[in-house]
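Trainee: I have a new structure to look at. Could you walk me through it?

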Amino acid sequence: MLFNSFEFFIFLPIVFVLYWLIGNKRIQQQNLLIALSSYVFYGWWDWRFLFLILFSSLIDYTIGLKLRSEYKPSSRKLLLWISICINLGFLGFFKYYNFFVDSLIESFTFFGAKLSLNTLNIILPVGISFYTFQTLSYTIDVYNKKLEPTKNFLAFMAFVSFFPQLVAGPIERATNLLPQFYKKREFVYKNAVDGLRQVLWGLFKKVVIADNCATYANMIFNNQEDYSGSTLLLGAFFFAFQIYGDFSGYSDIAIGISRLFGFNLKRNFAFPYFSRDIAEFWRRWHISLSTWFRDYLYIPLGGSRGGIKMKVRNTFIIFIVSGFWHGANWTFIVWGALNALYFLPLLLLNRNRVNTNLVAEGKYLPTWRELLQMTMTFFITLIAWIFFRADNVTNAIIYIRDIFTKALFTTPEILPFTILGLVTFFTSIEWLGRSGEYAIQKIDFMKKPIRWGFYMLLIILMFLFTGEQQEFIYFQF
C-alpha cells in the first residue's frame, strides 16, 4: 500500500478515527489497533511475508527476555549472535542469495572453470532491510544494557511493525520508539496540524518533484548512448532530485502520520543538498541509517580512535557495508566505496566536523565561499549517484565518461523548463525553511490567508503535475 495511493487515503482516516474514538480508553487498545493496522498495511502488498515480521518479533522479544535473566557473558553473547544471525540470515537469503550465486559463477568463469549453481526466483519482501535493522537495535541495546527488555509483547509487535515507517524508515531505535508504546497517547491538535503539514510537504516532494524528475531520469539513463554529455549530466541532476524527493518525502509523510497518532519519530533528512562538504552531507542524508551504522558498526570497530590504517579501514567498511545494504549489485558497493574516498581526506585532516552549524545561519543568501562549497559537494554527490542509478558498473563508467566530452557544453536535447522551474521553486522553499525540521514547519508566522493560500498552491501543483505513479525507490531495499 503506497502513501500516495487511493487505498491509503481510505485506510488512514479509518485507522485514525478508530484509534482516537475506540482506542482512546486504554494503551493496550491503542497498541492492538496499531499492530493490526500495521499488519493489514503490510499484508496489502503480500500477506505471505507477514510471518517474517512476526517471526522476527517473536525471536527478538524472546531473546530480550532471556538477556534479562542471563548474567554469564558468554551466554549473553550467544543470545545476541542468535538474534543477529537469524535476522541477517533472513535478510541475506531474500536480498543477497542470487547476488552471491551470480558473483561466484562469474568468478569461476573468469578463471576458466565452470560452476553449476542455480539462482532462485526470490521475491524481496518490501522494507526487510528497514525492519530488520529496527528490531536488531532492540536486541543490541538490551545486550549492552542501554534498554530494559520489555515484557509487553503487544507493544513490541507494534514497535516492530509500526506502519508509517515500516517499509522505508526512518529506522527507529528501540530506545526512542518502544517506550512511546508504554504511554497512553493523547490527541494534541497542534501536533496533528504540524503532522498534516509535514505530510503535505512530503506528498509534494514525492508527487511533484520525485515522480516528474523520475520520468526524465529514466528516459536518459535507459537510453544513455543516445544523448550528449550535457543531457547525461541533466539526467544525473534529475535522478539526484528524484531520490531526494522520493526518500525524504516518504520520511516526511511517515513522521507526519506518526504525529497524528501521538508518536515522535526521529528526523531522517536535514537538507543534505545544502551541505558544504561530504562529511556534512552524511550527517544530513538518511540520518537514521548513517547513525545506525555509526553506533552499531563503526564505533565497535574502533571508530576513528586508532591510527591511520584503522581509520581508513573503518571508513571503507562503514561506507561499503552501507552501499551493500542498499542493494545486491556491485553498483551500490562502488557507490559506497566512492563516498569513502570522498570522506577520507576530511577525516585524515581532522576536517570532518568543520561544518556542523547551519549554512548561512540568520542570512537569506550564502557567501560566495559557501555557494562554491555547496556546488562542489552537490556535484561529487551527483557523480556518485550515477553508480547508484546505473544497471551495472560498466554502464556507470561509460555514462560518466560520456558526460566529460565537448558535448558537455552544448544545449541538452531534453530541456523540460517546467520541471526545472518546479525544482527551482522546491529548492527555494527548502532553502528558506532550512532552519526547521522540514521546509514549511515554521510557516505559521504568515498570516492565515497567505498560509492557506500556500497550502492550496501545493495541492493544485500536485493535481496539475501528477506524474506517472512510481513506487518509492527505497521500497526495493
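Mentor: Start with a term: contact, or touching, means heavy atoms within 4.5 Å. This is a predicted model, where local features need pLDDT of at least 70, side-chain atom pairs count only at pLDDT 80 or more, and totals for chains, interfaces and linings use all residues. Residues are numbered from 1 along each chain as its sequence is written, and side-chain values use heavy atoms, with hydrogens and water left out.

Trainee: OK. What does Glu430 touch, leaving out residues up to four places away in sequence?

Mentor: Glu430 touches Trp201, Lys205, Tyr244, Phe271, Phe274 and Ala439. Its place is in helix H16, residues 417-432; helices here are DSSP runs of H or I, at least four residues long, numbered from the N terminus.

Trainee: Is Glu430 buried or exposed?

Mentor: Glu430 is buried, with a relative accessible area of 3%. Buried means under 20% relative accessible area, exposed over 50%, and partly exposed in between, using a 1.4 Å probe and protein chains only.

Trainee: New topic. How do H8 and H9 pack?

Mentor: H8 covers residues 189-221 and H9 residues 229-260, and they pack at about 155 degrees with axes 6 Å apart. The axes are lines fitted to C-alpha atoms over the stretch in contact, and angles run from 0 to 180 degrees between N-to-C directions. That makes H8 roughly antiparallel to H9, a label for angles over 145 degrees.

Trainee: Which residue classes make up that contact?

Mentor: The contact of H8 with H9 has 24 nonpolar, eleven polar and six charged residues. Ala, Val, Leu, Ile, Met, Phe, Trp, Tyr, Cys and Pro count as nonpolar, Asp, Glu, Lys and Arg as charged, and the others, Gly among them, as polar.

Trainee: And the largest nonpolar core, which residues touch the most other members?

Mentor: Phe261, Tyr273 and Trp385 do, out of 150 residues. H9 gives the largest share of this core, 16 residues. Such a core is a set of buried Ala, Val, Leu, Ile, Met, Phe, Trp, Tyr and Cys residues joined through side-chain atoms within 4.5 Å.

Trainee: What about Trp285, where does that lie?

Mentor: Trp285 lies in the loop between H10 and H11, and counts as buried at 0% relative accessibility. Among the residues that Tyr273 touches are Trp285 and Trp385.

Trainee: Which residues of H11 are buried?

Mentor: In H11, residues 287-298, the buried ones include Ser288, Trp292 and Phe293. Ser288 has a relative accessible area of 5%. Beyond four places in sequence, Ser288 is in contact with Pro170, Ile171 and Asn268.

Note on methods. Helix = DSSP H or I, 4+ residues; strand = E, 2+ residues; numbered from the N terminus. Parallel < 35°, antiparallel > 145°, perpendicular 65-115°, else oblique.
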